[in-house]
Amino acid sequence: MQAAQRLSGALVNSTGNSMSEYEFTISLRIRHPSIEPRSITQTLGIEPQHTWKAGDPRRGPAGEAREGTYRESYWMGRLMPEPELSSGRLSVESVLLQTLAQLRRSHAFLEQLSTDGGIAEVHVSLFVRETFRLDLTPETLGLLGRLGLAVALEIHPHSPHDVGPATAS
């Protein structure tokens with residue numbers, strides 16, 4: 001992992017490149033043709049925020065009944081309680097490495113999930129104020145590949161705490 005230090009309000013990585021601050025949050029999302037979401041929770045030991053099972057009646061965001069049933073099972077668990085501000089010690093890379101170390105114990109489960117037609121992805125939401133750079137090391141990319149995890153990056157041009165788009169200061 002690259003060392004970073006703060007220099008006049010910006011982060012500077014070990015190569016001397018300036019990195020702007022950003023907020024981020026990371027979650028794990030699993031889709032599967034038929035798995036019972038409780039078995040995902042028990043296997044991973046992570047409490048989900050959203051789940052449904054294939055064949056269950058569809059529900060809206062407020063729990064209201066919708067037409068039809070879910071075509072596949074879905075499970076989503078946050079890997080961070082709330083968005084965090086990047087710093088010299090806290091970055092997408094560092095949290096991702098910690099997460100992958102925890103998920104290693106579930107390697108067989110993740111392999112079976114993929115074999116059965118399921119997809120597991122690490123979902124990273126980035127809230128940025130200006131141009132930034134995200135570096136993932138070969139170690140991180142290798143672990144993602146070995147665990148069969150896809151990565152989805154969702155980039156928002158503002159803080160999750162802002163009401164509207166960020167303005168230049």
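Strands here are DSSP runs of at least two residues, numbered from the N terminus. The model is predicted.

**Stop one: strand E11.** Select residues 150–156, which make up strand E11. Ile155 sits in this strand. Together the three make a nonpolar surface patch, with about 250 Å² of accessible area.

**Stop two: two helices.** Select helix H2, residues 92–103, and helix H4, residues 138–146. The two pack at an angle of about 40°. Their axes lie 10 Å apart. Their crossing is left-handed. Which residues make the contact? On H2, pick Glu93, Leu96, Leu97 and Leu100. On H4, pick Glu139, Thr140, Leu143 and Leu144. Colour this set by type: five are nonpolar, one is polar and two are charged.

**Stop three: a salt bridge.** Side chains of opposite charge can pair when their charged atoms come close. Counting pairs within 4 Å, the model has five salt bridges. One of them joins Arg129 to Glu23. Show both side chains. Their closest N and O atoms are 2.9 Å apart.

Notes. Residues numbered from 1 in each chain as written. Predicted model: local features only at pLDDT ≥ 70, side-chain atom pairs only at ≥ 80, totals over all residues. Heavy atoms only, no water. Patch = residues over 30% accessible without salt bridge, like charges linked within 9 Å, V, L, I, M, F, W, Y side chains within 5 Å. Areas by Shrake-Rupley, 256 points an atom, 1.4 Å probe, with all protein chains shown as cover. Salt bridge = Lys/Arg side-chain N within 4 Å of Asp/Glu carboxyl O. Helix = DSSP H or I, 4+ residues; strand = E, 2+ residues; numbered from the N terminus. Axes fitted to C-alpha atoms, helices over the stretch in contact; angles between N-to-C directions. Left-handed = near helix turned anticlockwise from the far one by under 90°. Contact = heavy atoms within 4.5 Å. Nonpolar A, V, L, I, M, F, W, Y, C, P; charged D, E, K, R; others polar.
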